[in-house]
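Here are some notes for a colleague who has not seen this structure before. They are set out as numbered points, to be read beside the sequence and the model.

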Amino acid sequence: GAPQTRTPTGAETGAPTIANGQQGAYLTTANGARLRDTDHSLKAGPRGPVLLQDHHLREKITHFDHERIPERVVHARGAGAHGVFTAYGTAEAVTRAGFLKKGRETDVFVRFSTVLGSRGSADTVRDTRGFATKFYTDEGTFDLVGNNIPVFFIQDAIKFPDIIHAGKPHPDREIPQAQSAHDTFWDFVSLHTEAQHHTIWNMSDRGIPRSYRTMEGFGVHTFRLVNEAGETVLAKFHWKPKLGVHSLTWEEAQLIGGIDPDFHRRDLYDAIEAGAYPEWELGIQVFPDTPEETFAGIDLLDPTKIVPEELAEVQPIGRLVLNRTPTNFFAETEQVAFHLGHLPPGIDVTNDPLLQGRLFSYVDTQLTRLGGPNFTQIPINRPHAAVNDMLRDGFHQHAVHAGVAPYRPNSLDGGNPFPAGDAEHAFVDVPVTVAQAPKVRANPASFDDHYSQVRLFWLSMSPVEKEHIIRAYTFELGKCYHQTIKERQLQSLANIDPVLCEQVATGLGLPAPQPTVPLPDVTPSPALSQVGREWPSD
Ligand code: HEM
């Protein structure tokens, strides 16, 4: 790739620069006192005990002792990069978001991740990949916190602790560290059959990407877009890699995991530093905002469902180029905090119950992970829009707020906080009618179809992709100690496709069960196959 015309400077992106923490030519204490020696502690004579009064020794060790923060409870292992998003203007009719207006350039930071492994785990394991993008727009930060798989395991955020507990290492032995704990994972997905769709994507080649640069990304949920006239549409976000979608083979993934556990982060950094800037197109599928919130019979609030691209084309709306590696992994990649509620005017949420729970979870976990409520002041998290909030004090407060009246309106510190004209750039809560309905702990009946789209995915695969899927199920289920779990998962496979079920059952040395539901009648979607994937639009 040709180098881009505009590489944002560290100061522009708020990235920490050497000047922030390393000023002047002399080594000093944290308080700026110059040091003569940082290699020997202060002792009562060369052979004597170390003196408690050695402030430099204590400062150096104390700070070191506190260098680690909790790793993310999920997506702990990741790699990030800075870049620029350029809008085509093709979304102007459906959203008022300023950063999507033609020709606008917006700084971004992207963090790719695996979900289940800890910070030090291998990059090439079979897992879902996170694809989280922070757009530093001048109307406030927009975080598109997506994955490389367009559906999710569960339909309601209240199940998130359960699925993650099932996928993380067993609490007694902490095995396996980097891949899903086999018995508990397969126990969960065979008992919660809404997880079968995400699971078949994991068992396909999508579960072992060749590179972050060759992954698609998906916002998963349906969002509501609103234009200047207040008209709304429903939309799903897609990232399409310029290099196409490519995966490793299972054998490659296993070997590389041992030889170079940093394979994906190395690939990302090496590509950027060589000037081969990774690129994606952002696209949207657009649906009419009807009261039913369905399209072609598909419930748009169900995060276990896709809308096949043959039914709703992905329309390109802009281009992302990653052109700068982080200066400091901890400061940027580790401290970045994404949140679905970071929305600019023109993009709003829907009632997808998974999305709604996520709106709570991210800030909540970041309060612990980043040590209190002021983490938006950390350089990587600072908006590139003027901030004038009424949030005060708290741990690690860096702002020195002026004035005496941190409430609005007030008659002491100034006038109207919402001058006319600001409305143009203000966030709009779309005034969607909220249904008058009894409170229930229940899903809509349309969430109950757990197999049609899994079969759709299976039938859309090429022969070699099918072969890989069969081998992946056979290998992963073969790791389960409990035969009842294997049998229950085989039942789900029978409900997806008899051939798939028979082949895996043969591999496991178990009988293939008969389907318990009629096989859904679906039309394959060629766009789901990695083979022959053509993108971007030009
Ligand atoms: C982290 C995606 C569902 C809770 C992440 C990250 C991504 C992601 C990409 C990593 C962010 C980073 O790089 O820092 C998704 C997607 C979901 C989903 C696409 C479904 C469509 C959920 C749900 C919950 C949840 C349902 C909780 C109810 C979390 C938490 C983190 C996280 C707690 C760690 C955040 C941090 O420590 O900063 N998720 N997630 N996620 N997710 Fe999700």
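1. Two strands pair if DSSP finds at least two bridges between them. By that rule E6 and E7 form a hairpin with 5 residues between the strands, and Gly230 in this hairpin takes a positive phi near 85°. The model is a predicted one, and this applies to every point below.

2. Val226 has Thr232 in E7 as its bridge partner.

3. With strand E8 (residues 279-288) it pairs in the antiparallel sense over 9 bridges, and Lys240 stands opposite Glu281 in E8. With strand E5 (residues 217-218) the pairing of E7 is also antiparallel, over 2 bridges; here Phe218 stands opposite His238 in E7.

4. How many of the residues of E7 are buried? The count is 8 of 10, and the strand is mostly covered. Setting aside its neighbours within four places in sequence, Ala235 is in contact with Thr222, Phe223, Leu225, Ile284, Gln285, Val286 and Phe287. Ala235 is also among the residues with the most contacts inside the largest nonpolar core, together with Val108, Tyr473, Leu493 and Val504. That core has 99 residues.

5. A second hairpin is made by E3 and E4, with 2 residues between them. The two strands run antiparallel and are joined by 8 bridges; Gly130 has Asn147 in E4 as its bridge partner. E4 is largely enclosed by the rest of the structure, because 7 of its 8 residues are buried.

6. Which elements each supply at least two residues of the shell around the ligand? They are strand E2 (105-114), strand E3 (129-137), strand E4 (140-147) and helix H10 (353-369). H10 gives the most, with 8 residues.

7. The ligand has 28 residues around it, and those that come nearest are His75, Arg111, Gly130, Phe160 and Ser361. By class, the shell has 14 nonpolar, 10 polar and 4 charged residues.

8. His75 deserves a separate look. It is placed in the loop between helix H3 (55-65) and strand E1 (78-87), and its phi is near 60°, a positive value in a residue other than glycine. Most residues other than glycine have a negative phi, and most peptide bonds are trans. His75 counts as buried because it has 22 C-beta neighbours inside 10 Å, the cut-off being 20 or more.

9. Ser113 is found in strand E2. Is Ser113 buried or exposed? With 24 C-beta neighbours inside 10 Å, Ser113 counts as buried. Not counting residues up to four places away in sequence, Ser113 touches His75, Arg77, Gly78, Arg129 and Gly130. Ser113 and Arg129 are 16 residues apart in sequence, while their C-alpha atoms are 5.3 Å apart in space.

10. Helix H4 (residues 160-167) and helix H5 (residues 182-191) pack at an angle of about 145°, and their axes are 7 Å apart. Asp162, Ile163, Ala166 and Gly167 in H4 meet Thr184, Phe185, Asp187 and Phe188 in H5. By class, this contact has 4 nonpolar, 2 polar and 2 charged residues.

11. Why is H5 described as largely enclosed by the rest of the structure? The reason is that 7 of its 10 residues are buried. These buried residues are His182, Thr184, Phe185, Trp186, Phe188, Val189 and Ser190. The buried residues of H5 pack against H4, helix H6 (196-203), helix H12 (463-478) and helix H13 (483-496).

12. The peptide bond from Ile175 to Pro176 is cis, with omega near -10°, and Pro176 lies in the loop between H4 and H5. Another cis peptide bond joins Arg408 and Pro409, where omega is about -10°; Pro409 is in the loop between H10 and helix H11 (452-460).

13. His396 lies in the loop between H10 and H11. Although it is not a glycine, His396 has a positive phi of about 60°. His396 is exposed, with 12 other C-beta atoms within 10 Å.

Definitions and conventions
Residues numbered from 1 in each chain as written. Predicted model: local features only at pLDDT ≥ 70, side-chain atom pairs only at ≥ 80, totals over all residues. Near = placed C-beta within 6 Å. Helix = DSSP H or I, 4+ residues; strand = E, 2+ residues; numbered from the N terminus. Nonpolar A, V, L, I, M, F, W, Y, C, P; charged D, E, K, R; others polar. Axes fitted to C-alpha atoms, helices over the stretch in contact; angles between N-to-C directions. Contact = placed C-beta atoms within 7 Å. Core = buried A, V, L, I, M, F, W, Y, C linked by C-beta atoms within 7 Å.
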